[in-house]
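Visitor: Please show me the structure, and then I will ask about it.

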Amino acid sequence: MVYENIIIGGGASGLMLAANLNSKKSILLIEHNSQLGAKIAISGGGRCNFTNKNISCSDYLADCSFIKNNIKKYNNRWLLKFFKNRGLEFSIKNSTEYFCKSSSSEILTILKKEIKEVRTKLNCEVLSVVKKSDIFEVTTNIGKFKAKNLIVASGGLSFAKIGASPIGYEIAKSFGHTIIDTKPALVGFTLQPSEAFFKELSGVSVEVAIKVDGKEFKGSMLFAHKGISGPVVLNASLFWEKGFLEIDFLPNLEIKELKNSTKMLSNLLPLPKRVAMALLKKLEIKDKNANRLAKEEWKNLETLKSYKFAPAGNFGYTKAEVTKGGVDTFEVDSDSLMSKKVNNLFFIGEVLNVTGRLGGFNFQWAFSSAKACADYING
Ligand SMILES: Cc1cc2nc3c(=O)[nH]c(=O)nc-3n(C[C@H](O)[C@H](O)[C@H](O)COP(=O)(O)OP(=O)(O)OC[C@H]3O[C@@H](n4cnc5c(N)ncnc54)[C@H](O)[C@@H]3O)c2cc1C
């Protein structure tokens, strides 16, 4: 039998594609997990942050000309309508982030219902693909399957324990596609010896601003056992390649506001006392009344507004929420998501070189790209 469409990967993008393709009976959805949508299930702390109120190219590490039409055409309003019409209840966090009201399983239930007529093979691992004449032949652990269209929706490398694999990149490479270097992203940073003192602060959270690659992120930073983490760090990791980033430990304060105070510095700085003491020690500033600080000490204190921090590395794919890099989008048509090299071969979702910051942007991309691809295939 030759299917019309084989979809590799039953994650966010694969499920949304199957849900939007006409003639469901001619689709084969292949997933090597024993369940569909494993990442959706654990995402957003179990409540799946599936989109955001404000979405633009600047929320992504991607070629803007590739993503802009799809994130505009199949935007948050389209996505909210899709889920709302099917009964999803949601809530908004941090004024822009849309989450399922009670559990990620609500989204999964909706998507599964939409694809109930689709032939689905679970526990089926794709091993390789070839194209003979106009037909794709997909080799799996349980046999070979054939289709006219092949859609690679196999995601990135993060969280291998719930199914991530390099198969999408391997298939792309075998058809002559370029893979932009893949790296863990939305992940914590490990420390150089110069910041080993951060470890003593493990478990403490502070509000900071981080500047990286011309972008600034504000939010919570968590001192962790092996380094630093928290939303602001995860966002910074998306844009950090190597070298220094700058941490502003006092994002809501100008140092000159402290100058005439008679209070002890450690009480004056709007930081947990343990953090204030550790930073003062690092900057060789004695804790004393602010108005008694020497000129040199004021200069050192300014460092807290632009603390230069060079990560040693990151916590790796086991902790990273996403993978940056992937199939080069210059070789994929932005409207149809079809390969420019091989007819009827498509790439959607995270397998592409498109990565969003925290806040629902990665699911939005997975769903938008899937819908664009479905529209093209439906004709
Ligand atoms: C812990 C965690 C929390 C997250 N939270 C959020 C969030 O709240 N908001 C947000 O926007 N993003 C979040 N993300 C990112 C988001 O989950 C992904 O960007 C999104 O799932 C990508 O969709 P996808 O369809 O491209 O890939 P996936 O959803 O990863 O789906 C790919 C599927 O392909 C299957 N597969 C892989 N290899 C094979 C093979 N050889 N054979 C058969 N099947 C295969 C996988 O098992 C998987 O089911 C989170 C990620 C993690 C890890």
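Visitor: Which helices each supply at least two residues of the shell around the ligand, and which gives the largest share?
Guide: This is a predicted model. Helix 1 (12-20), helix 2 (38-42) and helix 11 (361-378) each supply at least two residues of that shell. With four residues, the largest share comes from helix 11.

Visitor: How many residues surround the ligand, and how do they divide into nonpolar, polar and charged?
Guide: The ligand is surrounded by 33 residues, and the closest include Ser13, Glu31 and Asn49. By class, the shell holds 12 nonpolar, 16 polar and five charged residues.

Visitor: Which residue has a polar side-chain atom 2.5 Å from an oxygen atom of the ligand, and what area does the protein cover?
Guide: Backbone N or O atoms lie 3.1 Å from a ligand oxygen in the case of Gly44 and 3.2 Å in the case of Asn362. The protein covers 95% of the 1,000 Å² of accessible area that the ligand has on its own. The polar side-chain atom at 2.5 Å from a ligand oxygen belongs to Glu31.

Visitor: How far apart in sequence are the parts tied together by the pair of Tyr60 and Phe361?
Guide: The structure holds 21 aromatic pairs. Tyr60 and Phe361 form an edge-to-face pair, with 6.0 Å centre to centre and 85 degrees between the planes. Tyr60 is buried at a relative accessible area of 4%, and Phe361 is buried at 0%. Because Tyr60 lies in strand 4 (residues 60-61) and Phe361 in helix 11, the parts that the pair ties together are apart in sequence by 301 residues.

Visitor: Which residue just after helix 9 takes a positive phi?
Guide: Helix 9 (residues 273-282) has buried residues Val275, Ala276, Ala278, Leu279 and Leu280. These buried residues pack against elements including strand 13 (205-212), strand 14 (215-223) and helix 10 (295-302). Just after helix 9, a positive phi of about 55 degrees is taken by Glu284.

Terms used. Residues numbered from 1 in each chain as written. Predicted model: local features only at pLDDT ≥ 70, side-chain atom pairs only at ≥ 80, totals over all residues. Heavy atoms only, no water. Near = heavy atom within 4 Å. Polar contact = N/O pair within 3.5 Å; in protein donor to acceptor, adjacent residues only side chain to side chain. Areas by Shrake-Rupley, 256 points an atom, 1.4 Å probe, with all protein chains shown as cover. Nonpolar A, V, L, I, M, F, W, Y, C, P; charged D, E, K, R; others polar. Buried < 20%, exposed > 50% of the residue type's maximum accessible area, 1.4 Å probe, protein only. Contact = heavy atoms within 4.5 Å. Phe/Tyr/Trp six-rings, centres within 6.5 Å; stacked < 30°, edge-to-face > 60°.
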